[in-house]
Amino acid sequence: MLHNDPAHPKILGADLWAIRKARGVTLVELADHLGRSVGWVSQVERDLSEPSVTDLRLIAAALDVSISMLFAHAATPAGEEGYVVRKGARRSIGTREAGLIEELLSPDLTDDFEVIHSTFQPHSEITEAISRPTQEVGYLVSGCLDLWIAGRKFTINPGDSFRIRGEVHRWSNPYDAPAVAIWVIAPPVY
């Protein structure tokens with residue numbers, strides 16, 4: 001497999017493999033959902049076959065990820081792929097619906113965790129609390145953020161860090177400046 005071979009950079013296929021594994025979806029289940037053969041899905045995950053745009057949309061829907069996550073594979077200078085993510089080459093993840101801009105800082109999704117750069121726009125919030133089967137640690141770089149974890153409200157300031165262990169949580173940035181945070185999430189959810 002190409003996933004652990006440093007001679008073959010980890011790109012779309014490795015990320016698909018990691019997302020599928022994190023979601024607990026088997027090759028057979030994904031192939032059935034897509035109406036494709038197990039062999040074809042396996043070849044895509046090993047970067048031996050290139051899926052069409054339609055295939056990528058179906059895969060994204062089946063794995064509950066944004067289509068932009070699968071498209072955004074910026075060119076990386078030789079020797080850096082899998083090791084370095086340049087500021088201008090970060091992949092956008094998630095949705096921007098609630099005023100949250102997220103970028104993947106990890107080189108790919110093949111580790112047991114992911115690192116996310118999150119920018120919470122001024123006067124933005126999610127009103128419905130969410131819960132994920134993860135452990136998360138965040139560090140606020142700038143701005144202020146109101147965070148509810150397990151029903152308790154915290155105002156997070158620059159330099160503060162916090163942890164969420166699968167608890168129900170939500171956030172709000174009622175302030176006039178963006179809040180920028182770095183999150184470490186295990187296992188990866190994007």
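This is a predicted model: local features need pLDDT of at least 70, side-chain atom pairs count only at pLDDT 80 or more; totals for chains, interfaces and linings use all residues.

Analyst: Numbering starts from 1 along each chain as its sequence is written, and side-chain values use heavy atoms, without hydrogens or water.

Helix 1 (residues 12–23) packs with helix 4 (residues 53–63) at about 25°, the axes being 10 Å apart. Helix 1 is therefore roughly parallel to helix 4 (angles under 35 degrees, on a scale from 0 to 180 between N-to-C directions). Helices here are DSSP runs of H or I with at least four residues, and strands are runs of E with at least two. The crossing is left-handed, the near helix being turned anticlockwise from the far one by less than a right angle. Helix 1 contributes L12, L16, I19, R20 and R23, and helix 4 contributes L56, I59 and L63, with contact meaning heavy atoms within 4.5 Å. Six of these residues are nonpolar, two are charged and none is polar; Leu and Ile count as nonpolar and Arg as charged.

As for the sheet, six strands form an open, antiparallel arrangement in the order 1-2-3-10-5-8. Strand 1 (91–93) and strand 8 (161–165) are its edges, each pairing on one side only; pairing requires at least two DSSP bridges. Strand 5 (residues 135–142) is joined to strand 8 by five bridges, and G138 stands opposite F162 of strand 8.

Terms used:
Angles under 35 degrees count as roughly parallel, over 145 as roughly antiparallel, 65 to 115 as roughly perpendicular and the rest as oblique.
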